[in-house]
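This report describes selected helix contacts, salt bridges and backbone features. Please look through the sequence and the structure before reading on.

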2 protein chains.
Amino acid sequence: MISKRCKYAIKAILYIARHQDQKRPIFSTEIAEKESIPKKFLEGILRDLRNHSILISQRGRNGGYTLHRPTSEINLIEIIRIMDGPIALQPCVSLKYYAPCEECISEKDCVIRKVFIQVRDTTLDIFKNATIERLTSDYGEGNTAE
Amino acid sequence: MISKRCKYAIKAILYIARHQDQKRPIFSTEIAEKESIPKKFLEGILRDLRNHSILISQRGRNGGYTLHRPTSEINLIEIIRIMDGPIALQPCVSLKYYAPCEECISEKDCVIRKVFIQVRDTTLDIFKNATIERLTSDYGEGNTAE
DNA sequence: TAATATTATATCAAGTTAGTAGGATTAATA
DNA sequence: TATTAATCCTACTAACTTGATATAATATTA
Ligand code: FES
Ligand code: FES
């Protein structure tokens, strides 16, 4: 399961993306209220996203948050990895957080590893295409034809 | 990530499957030693699998565990669901453990839900084909052609 | 300089995970 | 029938994770 922290992050980024045309930073207070996210909890999340170059923060009076990159260059893979860590279901098949499986003797002979590699690849493929741009464009609504 | 409990379950079932030709129940002690699983911890897992009709247990002196069904009728979906619960990454897209998303107002208008449905479907498809029969048959080794 | 925003650190309750302990129950066999 | 050897059951624990809250410091600007 995706954590609430991660889901809040996605919703916050989507909110900022939808309101970035206003050419001003968005307050954490505004996001917290509109998206029903506990304010202090959200602040930590936004700081984390800034530390990973997803957001830019502006301190002081008229401060707030803006996107660090175009919406087409932020996807769900990156957000999930920042907030929840590995997407893979086994340590040994994680690309960004690899660790050997303690319970398995040999990766080469492991019969279940192949299955988890398949799951990882299809999952990453879907999340890679899920950019903030596509998520906000309503493009996915129904099929293209008909 | 898949829990250790779940991984132990998979390994235990695979072990029983590989040794079931001996026409005798397999002891938990044997599985624990050969697969390096803490014995008492394993006992709880095996009991759980029995309660969910994956294994049959025989009590008393020459007791032990056997598979409740042919290996072709046990797949990773079922095992993971028993041990770890939902496979889906959001409550609202889980088939067996559905719950509404607290953070989302409307499932219909939720832009990220569609993505998680895709992930769920491809993941379930892969795990459904990962039966104990196929995992033990070395069939997945390399490609069929070439 | 006052107001308002982010930043930072510490803390906390509840839940989950991975295991351990100790014994009760059941069944074969000597 | 007593012993042995297996599963079964309940309770407990330490460490970690999750979802938050509290308090105060720092930066910007009107
Ligand atoms: S080596 Fe990672 S699942 Fe076996
Ligand atoms: S309704 Fe479940 S992800 Fe939005």
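## Helix contacts in chain B

In chain B, residues B:Ser28, B:Thr29, B:Ile31 and B:Ala32 of H2(B) meet B:Lys39, B:Leu42, B:Glu43 and B:Leu46 of H3(B); contact means heavy atoms within 4.5 Å. By class, the contact of H2(B) with H3(B) has 4 nonpolar, 2 polar and 2 charged residues. Here Ala, Val, Leu, Ile, Met, Phe, Trp, Tyr, Cys and Pro count as nonpolar, Asp, Glu, Lys and Arg as charged, and the others, Gly among them, as polar.

The model is predicted: local features need pLDDT of at least 70, side-chain atom pairs count only at pLDDT 80 or more, and totals for chains, interfaces and linings use all residues. Residues are numbered from 1 along each chain as its sequence is written, chains are lettered from A and ligands numbered from 1 in the order in which they are written, and side-chain values use heavy atoms, with hydrogens and water left out.

Helices (H or I, at least four residues) and strands (E, at least two) are DSSP runs, numbered from the N terminus. H2(B) covers residues 28-35 and H3(B) residues 39-51; they pack at an angle of about 120°, with their axes 9 Å apart. Axes are lines fitted to C-alpha atoms, for helices over the stretch in contact, and angles run from 0 to 180 degrees between N-to-C directions. H2(B) and H3(B) are therefore oblique to each other. Angles under 35 degrees count as roughly parallel, over 145 as roughly antiparallel, 65 to 115 as roughly perpendicular and the rest as oblique.

H1(B) and helix H4 (residues 76-84) of chain B pack at an angle of about 140°, their axes being 9 Å apart. That makes H1(B) oblique to H4(B). On the H1(B) side the contact is made by B:Arg5, B:Cys6, B:Ala9, B:Ile10 and B:Ile13, and on the H4(B) side by B:Leu76, B:Ile79, B:Ile80, B:Met83 and B:Asp84. Its classes are 8 nonpolar, no polar and 2 charged residues.

## Salt bridges

A salt bridge is a side-chain nitrogen of Lys or Arg within 4 Å of a carboxyl oxygen of Asp or Glu. By this rule there are 24 salt bridges over all chains.

B:Arg5 lies in helix H1 (residues 4-19) of chain B and B:Asp48 in helix H3 of chain B, so the pair ties together parts that are 43 residues apart in sequence. At 25% relative accessibility, B:Arg5 is partly exposed; buried means under 20% relative accessible area, exposed over 50%, and partly exposed in between (1.4 Å probe, protein chains only). A:Glu35 and A:Lys11 are both buried. B:Arg120 is buried at 15% relative accessible area, while B:Asp121 is partly exposed at 38%.

## Positive phi in both chains

Most residues other than glycine have a negative phi. A:Ser36 has a positive phi, near 55°, and sits in the loop between H2 and H3 of chain A. With a relative accessible area of 60%, A:Ser36 is exposed. B:Ser36 also has a phi near 55° and is found in the loop between H2 and H3 of chain B. B:Ser36 is exposed, at 61% relative accessibility.
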